[in-house]
Amino acid sequence: MGRMKFLCDAERCIECNGCVTACKNEHEVPWGVNRRRVVTMNDGVLGERSISVACMHCSDAPCMAVCPTNCFYKTEEGVVLHDKDQCIGCGYCFYACPFGAPQFPSGPAAFGARGKMDKCTFCAGGPEETGSQAEYEKYGSNRLAQGKLPLCAEMCSTKALLAGDANVVADIFRERVLRRGGGTDAWGWQTAYGGGEQKREQKREREGQK
């Protein structure tokens with residue numbers, strides 16, 4: 001059985017937020033809740049990178065370890081899901097998660113007043129009957145049961161966001177790294193970070209020699 005994972009290629013992410021929009025539209029995520037978000041580091045300066053972040057469906061999920069009601073469970077594919085009927089809105093999972101994946105509709109509030117926790121499901125639904133209206137209303141679309149990958153990855157315009165079997169995803173990323181190199185040898189690096197200025201400088205030098 002495959003082990004499902006996400007991987008975001010920071011060299012390809014262009015911060016378009018298409019993955020965020022696709023997720024909210026597919027699952028009708030409530031206002032104020034973002035199952036996926038794009039984080040940009042060194043914004044506007046040399047070395048800027050963006051990465052799409054959501055629940056990473058950890059092999060040893062800290063959210064599962066701290067939940068007092070044991071509402072979390074893991075599927076055969078390694079997807080970490082939760083039962084909203086058991087959630088008491090304590091927020092322990094939010095504090096334990098290194099990715100900030102758990103979201104609460106009421107935001108910061110008193111113990112138990114945050115509302116039912118919501119997070120990325122890898123488009124795998126929840127504990128309700130597969131494909132049922134109840135499952136959709138609580139957890140969104142169950143694309144995995146239909147043999148499809150998460151929509152956020154399918155809608156990524158640059159294919160920066162990869163989703164699927166961990167071994168397949170790792171092979172794709174490894175092949176990319178080997179083909180494009182790194183640092184100033186990476187695809188598009190000179191164009192984005194100084195290539196245009198370098199060409200203009202060369203043009204000025206040629207004109208000065210005439």
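**Entry 1: cysteines**

I looked up C8 to begin with: its relative accessibility is 14%, so C8 counts as buried (buried is under 20% relative accessible area, exposed is over 50%, and partly exposed lies in between, with a 1.4 Å probe and protein chains only). Before going on, I noted that this is a predicted model, where local features need pLDDT of at least 70, side-chain atom pairs count only at pLDDT 80 or more, and totals for chains, interfaces and linings use all residues. Residues are numbered from 1 along each chain as its sequence is written, and side-chain values use heavy atoms, with hydrogens and water left out.

I then checked C55, which is buried at a relative accessible area of 8%. Its closest cysteine sulfur belongs to C120, 5.5 Å away and again too far for a bond. By this rule I count 0 disulfides.

**Entry 2: the overall layout**

I find 7 helices and 6 strands, taken as DSSP runs numbered from the N terminus (helices are H or I, at least four residues; strands are E, at least two). Along the sequence they follow β-α-β-β-α-β-β-α-α-α-β-α-α. Of the 210 residues in the protein, 40% are buried.

**Entry 3: helix α1**

Helix α1 covers residues 18-27, and its buried residues are C19, V20, A22, C23, E26 and H27. Seen down the axis, they fall within an arc of 165 degrees, so they line one face of the helix; the arc is that of the directions from the helix axis to the C-beta atoms. On the face turned away from that buried side I found the exposed residues T21 and N25.

**Entry 4: strands β2 and β3**

Strand β2 (residues 37-41) pairs with β3 in the antiparallel sense over 5 bridges, where pairing takes at least two DSSP bridges between the strands. I picked out M41, whose bridge partner in β3 is R49. Is β3 enclosed or open? In β3 (residues 49-53), 4 of the 5 residues are buried, so the strand is largely enclosed by the rest of the structure.

Key. A disulfide is a pair of cysteine sulfur atoms within 2.5 Å.
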